[in-house]
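This report walks through one chain for a reader who is meeting it for the first time. Please keep the sequence and the structure in view while reading.

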Amino acid sequence: MSQQPEPSVAPLAAQIPGRPHGRAETPLSILDLATVGDGYTPTQALTATTELARKAEDWGFHRFWVAEHHGMPGVASSAPAVLLAHLAAATSTIRLGSGGVMLPNHAPLVIAEQFGTLHALHPGRIDLGLGRAPGTDPATARALRRGVLDETADEFPLQLSELTRFLDADFPAGHPYQRLRAVPGEASAPGGGRPPIWLLGSSGFSAQLAGRLGLPFAFAHHFSAGNTVPALELYRDSFRPSEVLAEPYTLIGVGAVAADTEQQARRLAGSGALAMLRLRRGQPALVPTPEEAEAHPYAPAEREFLDAWLSNVVLGDPDQVRDGLLELRKRTGADELMITSNIHGHEARHHSYELIAQAYGLLG
């Protein structure tokens with residue numbers, strides 16, 4: 001795995017793999033949703049996310065990504081490019097990125113301009129992770145896309161190709177966009193280059209596309225655990241070397257909650273599980289407190305969902321979480337893990353990440 005390059009001169013290919021920190025054998029990263037818990041405001045959530053990014057940098061986490069979601073009271077990361085600009089100004093070394101931007105919600109030129117701007121301001125620190133889901137409910141998706149909801153599976157590769165060409169300023173002769181430039185873009189970035197593109201997915205579609213294009217692939221294990229190994233195998237089997245990568249590179253998102261005791265961690269994780277249950281029922285809300293989650297009158301089907309959800313969260317005391325993460329990495333062969341803790345309370349969330357950093361060996 002290559003060493004992290006100097007930001008202003010690194011070729012694109014060198015910016016993809018992470019670099020182990022401390023005693024850790026592989027990089028560990030964070031996916032954050034700017035979680036809004038019951039009793040908190042979005043402003044408080046965004047302030048906590050900014051503080052967490054600073055701490056994550058100090059603790060040795062390699063990347064800090066934020067995800068695009070819309071119409072969800074418990075998630076304040078609806079505008080990744082705006083939030084990333086703020087986080088980049090508040091940090092200095094940690095890689096920042098989208099996990100991800102939902103490309104069908106946006107014109108490719110707009111994303112090229114936004115992330116070209118981020119790369120020009122913070123060269124070598126920005127990742128552009130792309131997904132093809134709406135990241136919201138159908139009504140909100142309709143408002144975002146102005147009624148265009150009938151894209152076929154072929155549309156995403158076309159959108160991705162257009163975005164890539166805008167970033168690289170290489171539309172072929174005769175193309176309608178040949179004379180268009182994304183500004184700031186490849187030509188204006190310090191040292192040239194542009195943000196590395198990652199494809200995100202929870203099924204085989206993006207896995208196969210990422211492999212064919214020779215791009216790094218990030219899989220959403222935290223909400224599609226049953227598909228993780230098949231998708232990673234499909235990605236590796238489909239992989240073709242490119243100017244970006246000579247070999248496959250995989251990252252998986254993992255739900256993880258650490259506390260001083262396993263009982264405390266399980267109690268904290270219950271709040272995130274109830275929030276997900278409500279989301280799956282079409283009732284998105286603020287992340288409930290652990291007390292509310294414990295007192296909730298779960299029907300048998302709800303309890304079954306809760307147990308299944310929590311079975312895919314790596315939780316416990318710091319040693320239990322470390323062992324669980326190492327076992328998951330070994331089982332999947334992932335090159336990098338990206339943990340996410342969707343729990344109530346900023347202090348509890350920050351404490352969970354610090355405990356994991358210590359146990360995983362990031363702090364030396």
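## Terms and overall make-up

Helices (H or I, at least four residues) and strands (E, at least two) are taken here as DSSP runs and are numbered from the N terminus. The model is predicted, and local features are reported at pLDDT of at least 70, side-chain atom pairs count only at pLDDT 80 or more, and totals for chains, interfaces and linings use all residues. Residues are numbered from 1 along each chain as its sequence is written, and side-chain values use heavy atoms, with hydrogens and water left out.

The chain holds twelve helices and nine strands. Of its 364 residues, 53% count as buried, where buried means under 20% relative accessible area, exposed means over 50%, and partly exposed lies in between (1.4 Å probe, protein chains only). Contact means heavy atoms within 4.5 Å, and among contacts between residues at least 6 apart in sequence, 74% join residues at least 24 apart.

Most residues other than glycine have a negative phi, and most peptide bonds are trans. A cis peptide bond joins Gly-99 and Gly-100, with omega of about 5°, and Gly-100 has its place in strand 3, which covers residues 95-102. Another cis peptide bond runs from Val-183 to Pro-184, with omega near -5°, and Pro-184 is found in the loop between helix 5 (155-168) and strand 5 (197-201).

That loop between helix 5 and strand 5 also contains Ala-169, a residue other than glycine whose phi is positive, near 55°. Ala-169 is partly exposed, with a relative accessible area of 29%. Ala-34 likewise has a positive phi, of about 50°, although it is not a glycine; Ala-34 lies in the loop between strand 1 (28-32) and helix 1 (42-59) and counts as buried, because its relative accessibility is 0%.

## Two pairs of packed helices

Two packed helices are described by the angle between their axes and the distance between the axes. Axes are lines fitted to C-alpha atoms, for helices over the stretch in contact, and angles run from 0 to 180 degrees between N-to-C directions. Helix 8 (residues 262-280) and helix 10 (residues 300-311) pack at an angle of about 120°, with their axes 10 Å apart, which means that helix 8 is oblique to helix 10; angles under 35 degrees count as roughly parallel, over 145 as roughly antiparallel, 65 to 115 as roughly perpendicular and the rest as oblique. Helix 8 passes helix 10 in a right-handed crossing, a crossing being right-handed if the near helix is turned clockwise from the far one by less than a right angle, and left-handed if anticlockwise. Helix 8 contributes Ala-269, Ala-273, Leu-274, Met-276, Leu-277 and Arg-280 to the contact, and helix 10 contributes Glu-302, Phe-305, Leu-306, Trp-309 and Leu-310. By class, the residues of the contact of helix 8 with helix 10 are nine nonpolar, no polar and two charged, where Ala, Val, Leu, Ile, Met, Phe, Trp, Tyr, Cys and Pro count as nonpolar, Asp, Glu, Lys and Arg as charged, and the others, Gly among them, as polar.

Helix 3 (residues 108-121) packs with helix 5 at an angle of about 40°, with their axes 9 Å apart, so that helix 3 is oblique to helix 5. The crossing of helix 3 and helix 5 is right-handed. Pro-108, Leu-109, Ile-111 and Ala-112 of helix 3 meet Gln-159, Glu-162, Leu-163, Phe-166 and Leu-167 of helix 5, and the contact of helix 3 with helix 5 has seven nonpolar, one polar and one charged residues.

Leu-215 is located in the loop between helix 6 (204-213) and strand 6 (217-219) and, at 9% relative accessibility, counts as buried. Leaving aside neighbours within four places in sequence, Leu-215 is in contact with several residues, among them Leu-160, Ile-197, Tyr-235 and Phe-239. Leu-215 and Thr-250 are 35 residues apart in sequence and 9.5 Å apart in space, C-alpha to C-alpha.

Pro-318 is found in helix 11 (residues 318-332) and counts as buried at 19% relative accessibility. Not counting residues up to four places away in sequence, Pro-318 touches Ala-259, Leu-355 and Ala-359. Thr-50, in helix 1, counts as buried at 5% relative accessibility, and touches His-86, Leu-87 and Ala-90 when residues up to four places away in sequence are not counted.
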